[in-house]
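Me: I would like a close look at one part of this protein. Please start with a single pair of residues, then show me what lies around it.

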Amino acid sequence: MPGADAGPGSDPVPSGEATSGSDPAPRSAPAPRSAPASGSAPQPGSDSALGGEAMPGGDAVLVVGAGPVGMTAALLLSRWGLRVVVLERRSERSVIGSRSICQQRDALDIWASIGARTIADEGLTWTTGRVFYRGRELTSWRFAAAGPLPPFVNISQSRTEEVLQDLVDADPRISIRWSHEVTGLDQDACGVVLHCASGASVRGSYALLCSGGRSDTLRTALGVDFPGESGGDRFLIVDLRTDWPGRETERHFHFDPPWNPGRQVLIHPCPGSVYRIDWQVPPDFDLAAERADGRLDARIRQVLGDRPYELLWASEYRFHSRVASRMAVGRVLLAGDAAHVYAPFGARGLNSGVPDAENAAWKIAFVARGWSPPALLATYDTERRAAALENLAVTTATMRFLAPRTERERTRRTDVLKRASIDHSKADAIDSGRFAEPYWYDRSPLTVPDPSRPCAGRPPRGAAQPIAPGVIVPDALLPHVPGSRQTRSSDTSSSAASVSSSEPPSREAVPNIAAVYGETPRLAVVPNVAAVYADDSNHRDEHNQNDSGERITRLRQLLRGGITLLADPSLPRRELLAAAREATAAPVTCPDPGLIKDALPDLRRGELWIVRPDAYIAAILRNPTPETIAAAVRTALGHRLTSP
């Protein structure tokens, strides 16, 4: 993609950690966070409550790793009302380096659903991408600012983790146990026991391993292989702060520039006048030596010229491309770098780890609550490993172009670049990376296929998937949503969202699903809108309007409270709800079709879309009957699976 994602898929960067060659130079990030008091690390051997016994409320889900994927998973699990214990080997969080910087729209959407809309708001979206060959520009393109969320943002992984950490610290259902390095595990029909280097053991109902690429010990304990390959060349990353007029929203990709002959350089703008520069460097590159003799400064000057700069961080890495042989083993699931690592160009590391977390969280929650059978957990492997293999194929093809290993690959790259330098219309053949995109679950056992709407597989570059069962519902603005709390930008109350007629709200209310489940398990509270969407389309609240008198929210805000029915207005809504609720004890909602029809241009007359808790379409039914609705809902929730 037009982005780099160093950290995931790179060496030596386990998830959430800085590399050994990193530079703790001053930056505007806050100081490293110590373990919070609520999750303070006990002295080795002192935590008798964890000595292999069930913890208080021993149904807690265990998450290994407090990186961005682990914290996202914890927040998603808590959103479903489950207690979560996060085990992290470090004693405190490191706030250093950009690492994984490019966060794609669908990851931003998931984060917004757990209250982390700040990531999208604070990130920087570059608008123009430029590609150069030997100093000559070959092509450029601009992004249209369409959609309720940006297509992506650049923001440091450190800041992303800080936002998530604040939410975790404020959540009474989540505790982080720092200085708990997990070195082994056991599981049985009732739960999972994680064994720590300190001698402590922690028991829970399920475990989600988000422990990074260096999880060999835990993968081995599960009988999981991690096949793949490692790159030859290394990459140097530098974060620096400088004033660079005209470059604040441009990404530059240089092939074979005079100041890095035979290799490439990528320059990304980030918030706060920070720029991230990636150089491809030889296998024997020595960062410490370049620092010592001034070559690092000379290298930077070749890019910046004589403008002043502040060096914030420098590191080097080698990329890896690997996918676990299994991502689900009984009650233990693997997510993020623990399950897959990729070459960085394409930003498919963290952007695939976040959907891993969502897919795992809703399935664990539905099994734990008795809404789905245990066999549902195996579909996590079916769906997310297919996504991992797709990401591997895309990033491997990119790296064959960026870092060719054979004479044939080198000749092809040179030929493509030379042709593009002569005829810019040939520039589409240049592979500098493909944007991360949501995967499609058309072959999942939870999906009901529709021959009239076949899934097209990988879409053309830059295009969206056509609507089909197994595809995520496209997001859209809903300009007339009763009950959504939107205010004018002058309103500074903590619950207000600053909006304009052309901008989405800057923060979203988070569904308090857990609180409602304990009282009325058939009703999921969707952010501030469920009640009026379902029951009172005439509700009006002058404080919920923007300057144009419109209420604004996003379609996907309505789709993460359980099973959602998106219906054509010609269908009998109450009968649809009754049929779906007869099929499951899980929450079911059906937003008023008249209110959302403009956000669903692909919804055909007489159609009903049955949407899963992760906003994916499980089935598309035409002129549905109670029997076909019940069958599709039960399929979506795993009730037609064969028990493991």
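Reply: Start with glutamate 390 and arginine 458. They form a salt bridge, and their closest N and O atoms are 2.7 Å apart. This is a predicted model, and the distance is computed from it.

Where do glutamate 390 and arginine 458 sit in the chain? Glutamate 390 is in helix H9, while arginine 458 is in the loop between H10 and strand E23 (477-478). The two are 68 residues apart, so the pair links distant parts of the chain.

Is each partner buried or exposed? Glutamate 390 has a relative accessible area of 13%, so it is buried. The cut-off for buried is under 20%. Arginine 458 has a relative accessible area of 41%, so it is partly exposed.

Now move to helix H10, which covers residues 407-422. Check its length. At 1.5 Å a residue, its 16 residues should span 22 Å. The end C-alpha atoms are 23 Å apart, which agrees.

Next, look at the sides of H10. Arg413, Val416, Leu417, Ala420 and Ser421 are buried. Seen down the helix axis, the buried residues fall within an arc of 135 degrees, so they line one face of H10. On the other side of H10, Glu407, Arg408, Arg419 and Ile422 are exposed.

What do the buried residues of H10 pack against? One partner is helix H9 (378-402), the helix that holds glutamate 390. The others are strands: E6 (128-133), E7 (136-142), E16 (250-255) and E17 (264-270).

Compare some other salt bridges. Arginine 434 and glutamate 437 meet through their side chains at 2.9 Å, N to O. Arginine 434 has 8% relative accessibility, so it counts as buried. Aspartate 293 and arginine 295 form another salt bridge, with the closest N and O atoms 2.7 Å apart. Aspartate 293 is partly exposed at 46% relative accessibility. Arginine 295 is also partly exposed, at 42%.

How many salt bridges does a search of the whole structure find? The count is 38.

Valine 69 gives a view of another spot. This residue lies in helix H1 (residues 68-79). Its relative accessibility is 6%, so valine 69 counts as buried. Leave out residues up to four places away in sequence, and valine 69 touches Cys210, Ala335, Gly336, Leu350, Gly353, Val354 and Ala357. Take cysteine 210: it is 141 residues from valine 69 along the chain, yet their C-alpha atoms are separated by 6.3 Å.

Six strands form an open sheet in the order E9-E4-E3-E13-E21-E20, with mixed pairing. Strand E9 (174-177) and strand E20 (328-329) stand at the edges. Each has a single partner strand, so one side of each is left without a neighbour in the sheet. Inside this order, strand E3 (residues 61-64) and strand E13 (residues 206-209) pair in the parallel sense over four bridges. Valine 63 has leucine 208 in E13 as its bridge partner.

Last, step back to the whole chain. The protein chain has 15 helices and 28 strands. Of its 644 residues, 59% count as buried. Take the contacts between residues at least 6 apart in sequence: 75% of them join residues at least 24 apart.

Note on methods: Residues numbered from 1 in each chain as written. Predicted model: local features only at pLDDT ≥ 70, side-chain atom pairs only at ≥ 80, totals over all residues. Heavy atoms only, no water. Expected span 1.5 Å × (residues − 1). Buried < 20%, exposed > 50% of the residue type's maximum accessible area, 1.4 Å probe, protein only. Arc of directions from axis to C-beta. Contact = heavy atoms within 4.5 Å. Pairing = 2+ DSSP bridges. Salt bridge = Lys/Arg side-chain N within 4 Å of Asp/Glu carboxyl O.
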